[in-house]
Each structure stands twice: as C-alpha cells, then as structure tokens.
Amino acid sequence: MKNEKGGTTLKLGIIGTNGITVQFVEAAEGTGHFQLTAVYSRHEETARQFIVETHDAAIYTDLAAFFASPIDVVYIASPNGLHAGQAIQALNAGKHVIVEKPMVTDRSQLAALEEAQAAHPDQLVFEAARHVYDPNYQVIADYVKNHKGALCGATLVNAKYSSRYDAYLAGDDPNIFSPRFGGGALMDLGVYSVYTAIGWFGLPSEVVYLPNVLSSGVDGSGVASLSYDFGNVTLLIGKNYITQAPSEIYFGKTTLSFGATGVLDHAHTFGVDAQDLAKPQVENPLAYEADYFGRAIETGDHAAFAKAFNLAKQVHTVMGQLRATTDIHFGTDPE
Ligand SMILES: NC(=O)c1ccc[n+]([C@@H]2O[C@H](COP(=O)([O-])OP(=O)(O)OC[C@H]3O[C@@H](n4cnc5c(N)ncnc54)[C@H](OP(=O)(O)O)[C@@H]3O)[C@@H](O)[C@H]2O)c1
C-alpha cells in the first residue's frame, strides 16, 4: 500500500492494549508510514474495545495466529519481561519490531534478541526510547559536545507518583510494582536517564544503584551513581513520589537545566551562558520515534537501525550492571 508521500504504508500489529499503545498508534499513523491492521489481546473483548478507541483492525487472541497474519511490523507494549521473547517470536515470523522500553530485562535476553536479529538481518528491531528522537535530545547532546571541556557532573531526574501505586498500597499486584515481569522504578523510569547519560556522556567507568525496595521486591525509588572521568552523574528515580526537581548538567559557571529525562519539552542554561535552548515539540511526543522507525523500516536503513540498536545494547548492559549492585531479582531472570 502506498502512502501520501509515495512510500509504502507498513501494516502494523500491536501487542498490549493500554493507553501507550493507543498513543503510539495515533502517532504512527500520523506519520503516514503505518496503518494499524492487527490487534493481539489475551481477551477478545479488550481487543474490541481497543479498535473502538482506534479504528477497525483484525483481532487475534492467539499469538501464533497474530504472528502468522500479513503484518509488516509488530509494536510490543506488554509487561517488560515479555518484550524480548515476543520480539524474537516476531523476528522469527519475518516481522520488523518496535518494542517498548525496556527492550530486555536482563543480559541473557539481550544476547538472545541480538542473536535472533542477526539470524534475520532484513528484519529491524527498535526500542521505543521515545525521548532519544525528540529534537531537544539532540539539542542537549550538541550543547554537551560543544562545552565538553567544562563538563563536571549531572543530576538526571525521572520520578513520578505512579497511577498504580495506590492500588499497590491497597494490596493489588500491578505488573509495574512486581518482580514477576521485571517491574520497578529503575526498569520503568530509570531507563530514560540511563539512555540520556550514555547518549550524552558515553559509558561510565563504574555504576552503583541504591534502591528503596518495596515489600514486593522491586524498587519504588532509588538513587544511582555513574562515575565518569569528568565527575559523577547522579540519577534520581522514583515511582512513589512527586517532584519539581529539575535535571541539571554542570559546566562550572553555567548549568543546563531541563525537566524529567523522558520529557524533553524545555531546556535552558543559567549562569555565565544563559540562554533558552528548547525547540518546540509536536503534540504527540511519540511522533518523532514513529517517524524515525517508519522511515528506517520502509527504506531498509540498516545504519539507522545499527545506531539505535548499539545505543540500546549499551544502555541495557549498564542497566544490568546497575541491578547487579542490588538484591532485586525478576521472575524472568535466568536460573
Ligand atoms: N514510552 C512510553 O512513554 C511508555 C508509557 C507507558 C508504558 N510504556 C511501556 O509500555 C509497556 C506496557 O506498559 P503498561 O503500563 O501498559 O503495562 P501492563 O499494564 O503491565 O500491561 C500491558 C499490556 O500487556 C498485557 N498484559 C497485562 N498483564 C499481562 C500478563 N500477565 N501476561 C501477558 N500479557 C499481559 C495487557 O494486554 P491484553 O490484556 O490486551 O493482553 C496490557 O494491555 C511497558 O513495557 C512500559 O514500560 C511506555
């Protein structure tokens, strides 16, 4: 099928039927690269409700039948620990993959996913680390690069009181506060900060994570420290408190300030070099990633894939190193 820009509209299938998938489908279709054609849910009624919120598409409650259907790309927004296995199933079925963050929950999943992609080199896999594709991510990257000599540290913040925390406190067991599928603050929000730290400053020499562990066994919040030759990068991560604390990158007499690492909607510097840096954002912040993924898949742009996948590999290697400094274990960890 040809889109308005003369390219091919990719047939999109989705796994996971919550709000983020509705938002992704809207963004993806808005780029002109994708058309929702198949919905997988464990429950037919949930899939029916999903197509009421989006538009008509084929419904599957059997995962094998979903993967065998004529879709080009699978977007995966299931619980964290299922991402890698479903991405591998999609690759084996000859589909491209866009998988929500975190793409994997441990190093063995990372290795298995990399191996599966290598066995299907024409199929591309992207982690939906949406902030990396926001124009302000590059604005901040450029500022850091151009002022590297003065760089001496950073505090990166991503903390928000989760809409599911009250239910957890009331005795429910939502996936995001359970070790069952790799929940917790580091996996959910910390991954955004690890992405920015590695994307802007490179790989740290040492890392440590001090989690505040809930009775479920996962971290409700925590503080991570990443050591670099220029100084320390501190990550403040939380799913059980609200904050107005900014993220900051320190350059001696100038500091670059912005908000949560996952929402790069503003950025300015203060001190000697005071300026507003931010570029305006489009309404649906997932549109940037959807456009990048759609273009890369349509044109078979392996360089775009390799750039994104290499960064994702570094991020998940460091995520594994951070968790290895704690006693947090997931139901999906290898024996
Ligand atoms: N990029 C972003 O801004 C952003 C925002 C929010 C979430 N996310 C990511 O999106 C993913 C989904 O987040 P979420 O909060 O929607 O997660 P969730 O509530 O745990 O579940 C996601 C979906 O997975 C299915 N599911 C739930 N429990 C399951 C189980 N036990 N076994 C198999 N499937 C199950 C459900 O779909 P069915 O009932 O239809 O099968 C559900 O819609 C997460 O990885 C999260 O990190 C990203």
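This tour moves through a predicted model, selection by selection. Residues are numbered from 1 along each chain as its sequence is written, and side-chain values use heavy atoms, with hydrogens and water left out. Local features need pLDDT of at least 70 and side-chain atom pairs count only at pLDDT 80 or more, whereas totals for chains, interfaces and linings use all residues.

Begin by selecting residues 11–118, where an unreviewed UniProt entry places the feature "domain: Gfo/Idh/MocA-like oxidoreductase N-terminal"; such annotations may be inferred rather than shown by experiment. This stretch is 46% helix and 22% strand, and its end C-alpha atoms are 23 Å apart. Helices (H or I, at least four residues) and strands (E, at least two) are DSSP runs, numbered from the N terminus.

Next, select His83, which is found in helix α4 (residues 83–92). His83 has a relative accessible area of 1% and is thus buried (under 20% relative accessible area, 1.4 Å probe, protein chains only). Beyond residues up to four places away in sequence, His83 touches (heavy atoms within 4.5 Å) Ile76, Ala77, Ser78, Val99, Glu100, Lys101, Pro102 and Met103.

Finally, select Trp200: leaving aside neighbours within four places in sequence, its contacts include Tyr137, Leu156, Ile249 and Phe258.

Technical notes. Buried means under 20% relative accessible area, exposed over 50%, partly exposed in between (1.4 Å probe, protein chains only).
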